[in-house]
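Subject: A structure for you to look at

Hi there,

Here is the structure I promised to pass on. Please open it next to this email and find the parts as you read.

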Amino acid sequence: MFFYKREGWIEYICGSMFSGKSEELIRRIKRAKYAKQKVQVFKPMIDNRYSEVAVVSHNGNQEEAEPIHYSSEILKKVKDDTDVVAIDEVQFFDMGIVQVCEELANRGIRVICAGLDLDFRGEPFGPSPLLLAKAELVTKLQAICVKCGNPATRTQRLIDGKPAHYHDPVIMVGASERYEARCRHCHEVPG
Ligand code: ADP
Ligand code: ZN
């Protein structure tokens with residue numbers, strides 16, 4: 001970790017699903033709280049995998065979070081005495097989230113984002129590429145490929161047990177859908 005003379009920067013924790021992004025975000029939130037820092041946690045309303053009002057890791061750890069519709073709401077909600085702003089599932093926010101993070105960091109706030117760098121097709125996800133470029137500190141995590149045991153950098157989308165096609169809609173009514181961590185070589189996206 002680097003030491004800065006002045007407060008205010010952006011950290012981005014990225015990687016595939018199951019790579020431990022939420023776990024790492026929760027760890028950083030807890031440590032900031034031990035240091036008596038004022039922490040506010042936000043997440044987009046869209047993600048209701050486990051909870052609307054908490055950052056929840058696949059291992060069951062959690063921290064309370066405020067659900068947000070639009071990135072601009074975050075600027076209105078951040079209090080004057082807040083030291084740390086944590087944002088989970090940042091890839092689901094509109095592109096305005098990049099400017100929001102920049103503004104908070106410029107104001108002297110430590111901004112910690114966590115999100116998917118790639119979508120199920122293996123392509124850059126929403127605002128992720130810009131955050132990767134603008135962050136002072138980037139942590140790229142890997143899961144374990146469920147097929148071969150390699151470090152996994154991709155998220156495999158499965159619909160009724162089969163690899164999702166490139167053009168399959170994001171929401172498939174009536175289909176059973178799940179995700180797996182896979183490496184580059186085991187990741188399948190039929191055209
Ligand atoms: P993310 O936020 O990146 O989706 P989480 O922090 O929610 O990740 O979950 C990480 C946890 O997921 C791991 O500690 C482990 O318990 C579990 N897990 C499930 N499948 C895998 C996998 N294929 N590789 C690594 N961890 C996995
Ligand atoms: Zn593999």
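Below is what was found in it, beginning with a word on the numbering.

This is a predicted model, in which local features need pLDDT of at least 70 and side-chain atom pairs count only at pLDDT 80 or more, while totals for chains, interfaces and linings use all residues. Residues are numbered from 1 along each chain as its sequence is written, chains are lettered from A and ligands numbered from 1 in the order in which they are written, and side-chain values use heavy atoms, leaving out hydrogens and water.

Let's begin with the sheet. It is open, with 6 strands in the order β5-β2-β6-β7-β1-β8 and parallel pairing. (Strands are DSSP runs of E with at least two residues, helices are runs of H or I with at least four, and both are numbered from the N terminus; two strands pair if DSSP finds at least two bridges between them.) β5 (66–68) and β8 (137–141) are at the edges with a single partner strand each, so one side of each has no neighbour in the sheet. β1 (residues 9–15) and β7 share 7 bridges, and I13 has A114 in β7 as its bridge partner.

Next, which residues have the most contacts inside the largest nonpolar core? They are I74, I87, V90, I97, C101, L104 and V111, in a core of 22 residues. (Such a core is a set of buried Ala, Val, Leu, Ile, Met, Phe, Trp, Tyr and Cys residues joined through side-chain atoms within 4.5 Å; buried means under 20% relative accessible area, exposed over 50%, and partly exposed in between, with a 1.4 Å probe and protein chains only.) Helix α3 gives the largest share, 6 residues.

Finally, the charged end of R121 sits over the ring of Y166, 4.9 Å from its centre. (This requires NZ of Lys or CZ of Arg within 6 Å of the ring centre and within 35 degrees of the ring normal.) R157 lies over the face of F120, 4.7 Å from the ring centre.

Happy exploring!
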